[in-house]
Amino acid sequence: VPVQCAEFVPAMLSAAVNAVNYAKCQHIKSMHTFIENAPLERKENFPGVMVDRAKFDQQLVAGASRAGAECRFRTTVSKLDLDGTVHLSTGEQIKPIVLIGADGPRSRIGDAIDSKNSEVVVSRQLTVALIGAHSATDIFLSTDYRGGYGWLFPRGDIANLGIGVTSNSLEMLKPLLNDLHKSIIAVKRVGQDVLSITGGIIPVGGMIKPHGQLGAVLVLLCGDAAGLTNPITGAGISSAILSGILAGDAAKNWLEGDTGSDENYAEELHELFGAASARAVDRRHKLLSCYKSGSGPTTSDLRSAWVAYPEYWTA
C-alpha cells in the first residue's frame, strides 16, 4: 500500500500461487486491442485473473511468516556498506550471508552492485466505476502514448484505467489519461468519478545482471529489481514470483556450500525470460525509432510492437 499495479496476472499463476485465488476479483477471458482508425483486434484465448494487489501481497507476507520469515514494516534500508553490512532506518545494522533485492525498479540493492535498470516507463492509473460487466483487458495504442500504451482492466464493478509513457513524456501523462477517460465516458463504459489515483515506474530496458557480491555477501536480484518486467506489456507479477522462488533456492544452495548457485540462478532466469525479454526490447526500440523522423509510428508500426498481433512475433 499504496498499490502501484494494473493488477492482472495470467491464469496459470493461480495454480502455483494460492495468493492469486485469495485475492481474485474476476476472471479475464480475452484481450481487446484498439488502435486509432483501425478495426478492433480480439484475442479470445487470453485467460487471466484480476487481483486485489494489496490482498495478494498481504497473503504472500502471511505465507512467509508461517514459513519462519521475520517481516518488518515501516523499516527501510538507509545504507549499504561495501562489505554488505545493511544499515536500517531504525539504526540497526545487519550483516547477512545472502542479500536478496526485491526492492523494485530503482533497487538500492541493485545499485550497490552496479546493476541498474537503464530505461523506465512512467504510469498513471485511475480507478473508476465500470458500467456493465466486462471480461476482457482493453489495450489502447496511440502515437501519443510514446513508448507505452493505455489500458482498461475490469475488476468487477470497477476498473483500472491507465497509461504508461516514456519518462521524458511525463508532462503529457495526466492530460493524455484525462482525454482517454473522457473518451470512454462518452461511449458509456465507465463513470466520470475518479475513485482513486495511483502511478509508478516500470523498468522496460530488459534483463540486467541479477547477482553480484558485496565483500563475502552474495547479492541476488529478482522481479523489477532484476529488470524482469516485460518491456512491451509491463507485466511483472509472474516473473517476480518465479524469480523470487528461484532466488530463495539459490540462497539455500549457497548456504549449503554451492558457490556456483549465483551463476545457476542467472542461467535459469535467462532460460525462462531471456528470449521474450530480448524480443520485447527489440520491438520497443524499433517503435521508439519511428519518432526520430518527426512523424511518429504508423498503424503498422504499432501492430509490430504489440503482442496481440502476428507481426510482433514474425517481424
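Leu-242, Ile-245 and Leu-272 make a nonpolar patch of about 260 Å². Keep in mind that this is a predicted model. Ile-245 sits in helix α6. Its relative accessibility is 47%, so Ile-245 counts as partly exposed.

Helix α6 brings me to helix α3. The buried residues of α3 pack against α6, residues 237-255, and against α2, residues 18-22. Which residues of α3 are buried? They are Ala-54, Phe-56 and Gln-59.

Now the geometry of that helix. α3 runs over residues 53-66, which is 14 residues. At 1.5 Å a residue, α3 should span 20 Å. The end C-alpha atoms are 20 Å apart, so the two values agree.

Look at both ends of α3. At the N-terminal end, Asp-52 is the cap. One of its side-chain oxygens lies 3.1 Å from the backbone nitrogen of Ala-54. After the helix comes Gly-68, with a positive phi near 110 degrees.

Arg-155 belongs to strand β12, residues 150-155. Is Arg-155 buried or exposed? Its relative accessibility is 15%, so Arg-155 counts as buried. Leaving out residues up to four places away in sequence, Arg-155 touches Glu-7, Cys-25, Gln-26, Met-50, Val-51, Asp-52 and Asn-160. With Glu-7, there is a side-chain polar contact of 3.0 Å.

On to charge pairs. Side chains of opposite charge can pair when their charged atoms come close. How many salt bridges are there? The count comes to 14. I'll show some of them.

Take Lys-79 and Asp-81. They form a salt bridge, and the closest N and O atoms are 3.8 Å apart. Lys-79 has 46% relative accessibility, so it counts as partly exposed. Asp-81 is partly exposed as well, at 22%.

Next, Arg-283 and Asp-282. Their side chains meet in a salt bridge at 2.6 Å, N to O. Arg-283 is buried, because its relative accessible area is 7%. Asp-282 is partly exposed, at 30%.

Then Glu-311 and Arg-303. In this salt bridge the closest N and O atoms are 2.6 Å apart. Glu-311 has 23% relative accessibility and counts as partly exposed. Arg-303 also counts as partly exposed, at 24%. Salt bridges with shared partners also join Glu-7, Asp-52 and Arg-155 into one network.

Last topic, the backbone. Most residues other than glycine have a negative phi, and most peptide bonds are trans. Here are some exceptions.

Arg-74 is not a glycine, yet its phi is positive, near 55 degrees. Where does Arg-74 lie? It is in the loop between α3 and β6, residues 77-80. At 83% relative accessibility, Arg-74 counts as exposed.

Lys-188 has a positive phi too, about 60 degrees, and is not a glycine. Find it in the loop between α5, residues 170-186, and β14, residues 190-203. Lys-188 is exposed, with a relative accessible area of 66%.

Finally, the peptide bond joining Val-1 and Pro-2 is cis, with omega about 0 degrees. Pro-2 lies in the segment before β1, residues 8-10.

That's my tour. Happy to take questions.

Methods
Residues numbered from 1 in each chain as written. Predicted model: local features only at pLDDT ≥ 70, side-chain atom pairs only at ≥ 80, totals over all residues. Heavy atoms only, no water. Helix = DSSP H or I, 4+ residues; strand = E, 2+ residues; numbered from the N terminus. Expected span 1.5 Å × (residues − 1). Buried < 20%, exposed > 50% of the residue type's maximum accessible area, 1.4 Å probe, protein only. Contact = heavy atoms within 4.5 Å. Polar contact = N/O pair within 3.5 Å; in protein donor to acceptor, adjacent residues only side chain to side chain. Patch = residues over 30% accessible without salt bridge, like charges linked within 9 Å, V, L, I, M, F, W, Y side chains within 5 Å. Areas by Shrake-Rupley, 256 points an atom, 1.4 Å probe, with all protein chains shown as cover. Salt bridge = Lys/Arg side-chain N within 4 Å of Asp/Glu carboxyl O.
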